[in-house]
Amino acid sequence: MTISPDFSAASTAVTAVLAAYLLLGEPWVGRRMYESLAGRRDTEPRALVRYFGLVLTLWWAFAALAVAALLLSPGTDPADFGLAMPDRPVYAVVAVLLAGAIAVASGRNFRDLARQGRNVPGLASIEAMLPRTAEERRLAIAVAVTDGIGAELLYRGLLIAFGVGALGLDLYAAAALSVLVYAVAGFYQGRRGVLAFAFFGVVFAGLYLASGSLLLPVAVHVFLSVRDLTLPAPEKLRAAPEAAV
């Protein structure tokens, strides 16, 4: 995979501000938002609905800024942002189907564990976001899909292009930087969240670099997000203090 983005001054400014927020602001904002949700979840019936509404608004605002960065750079091709078909479409389709099957199978296993009251990996760190009503479930799916699209467009498409085109980094160095920025976004889930985000950031960046397209990482990200945000929620939060932040 090779990209040669040519960022204009305006596009560089927009992306630099957005990247600074993602690195320095998003971890703290995300933590405060989740902490507030966890504190109100059992006392305010529509707390999660409002939280999801705000998350959707923020994601689409960030996505609009990413598109603006592309439009403000006439010398940059959409493919430089990963907006292209995979280099090997057949392999990409097989990978998407395999990822979907794994997400479904693991989701069923997680649901069985949750119903039995047994430990589900990572559940404690997102319990406040798990839906309890049909409306919450619909919004959870919308957030999961939006998260998959928005996160890949920003953290993989935009930030890697910015690293190469504006910072002059090697493609893999730019990808590593994007993984770092993505990892700190998991700060709202505590230290384990940062590690989990770092791991999946490597996976998503690898899928992007291997395929030359955001299609594959978006699909895998959406599958995983839908799986996690549709797990059955307990009546009361049982999150450990370090995870409910």
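Which residues are buried in helix 7? Select residues 215–229 to find out. This is a predicted model, so treat what you see as such.

**Stop 1: helix 7**

With helix 7 on screen, colour Leu216, Pro217, Val218, Ala219, Val220, His221, Val222, Leu224, Ser225, Arg227 and Leu229: those are the buried ones. That makes eleven of the 15 residues, and the helix is mostly covered. Show the other helices and you'll see what the buried residues pack against: helix 3, helix 4, helix 5 and helix 6. From first C-alpha to last, helix 7 reaches 21 Å, close to the 21 Å expected at 1.5 Å a residue.

Stay here and show the side chains of Arg227 and Asp228, which meet in a salt bridge at 2.9 Å, N to O. Is Arg227 buried or exposed? Arg227 is buried, because its relative accessible area is 14%, under the 20% cut-off.

**Stop 2: the Arg40 network**

Next, select Arg40, Glu44 and Arg50, which salt bridges with shared partners join into one network. Zoom in on Glu44 and Arg40 to find a salt bridge of 3.2 Å between N and O. Both ends are partly exposed: Glu44 has 27% relative accessibility, and Arg40 has a relative accessible area of 24%.

**Stop 3**

Now pick residues 134–165, which are helix 4. Arg156 and Glu152 form a salt bridge here, with their closest N and O atoms 2.7 Å apart. Why are these two placed to meet? They sit four residues apart in the helix, so about one helical turn separates them. An α-helix has 3.6 residues a turn, so residues three or four places apart point the same way. Arg156 and Glu152 are both buried.

**Stop 3**

In soluble globular proteins, nonpolar side chains tend to be buried together.

Centre on Leu154 and look around. Setting aside neighbours within four places in sequence, Leu154 is in contact with Leu18, Leu22, Trp59, Phe62, Ala63, Ala66 and Leu159.

**Stop 4: helix 3**

Select residues 89–115 for helix 3, whose 27 residues reach 39 Å from first C-alpha to last, close to the 39 Å expected at 1.5 Å a residue. Its buried residues include Ala92, Ala99, Gly100, Ala103, Ser106 and Gly107. Further along, Phe110, Arg111, Leu113 and Ala114 are buried as well. Helix 4 and helix 7 are among the things covering them. After helix 3, click on Gly117: its phi is positive, near 75 degrees.

**Stop 5: a patch on the surface**

Finally, switch to a surface view and select Leu167, Leu169, Leu177 and Leu180. Together they form a nonpolar surface patch with about 320 Å² of accessible area. Where is Leu169? Leu169 lies in the loop between helix 4 and helix 5, the latter being residues 171–184. Leu169 has a relative accessible area of 30%, so it is partly exposed.

How values were computed:
Residues numbered from 1 in each chain as written. Predicted model: local features only at pLDDT ≥ 70, side-chain atom pairs only at ≥ 80, totals over all residues. Heavy atoms only, no water. Salt bridge = Lys/Arg side-chain N within 4 Å of Asp/Glu carboxyl O. Buried < 20%, exposed > 50% of the residue type's maximum accessible area, 1.4 Å probe, protein only. Helix = DSSP H or I, 4+ residues; strand = E, 2+ residues; numbered from the N terminus. Patch = residues over 30% accessible without salt bridge, like charges linked within 9 Å, V, L, I, M, F, W, Y side chains within 5 Å. Areas by Shrake-Rupley, 256 points an atom, 1.4 Å probe, with all protein chains shown as cover. Expected span 1.5 Å × (residues − 1). Contact = heavy atoms within 4.5 Å.
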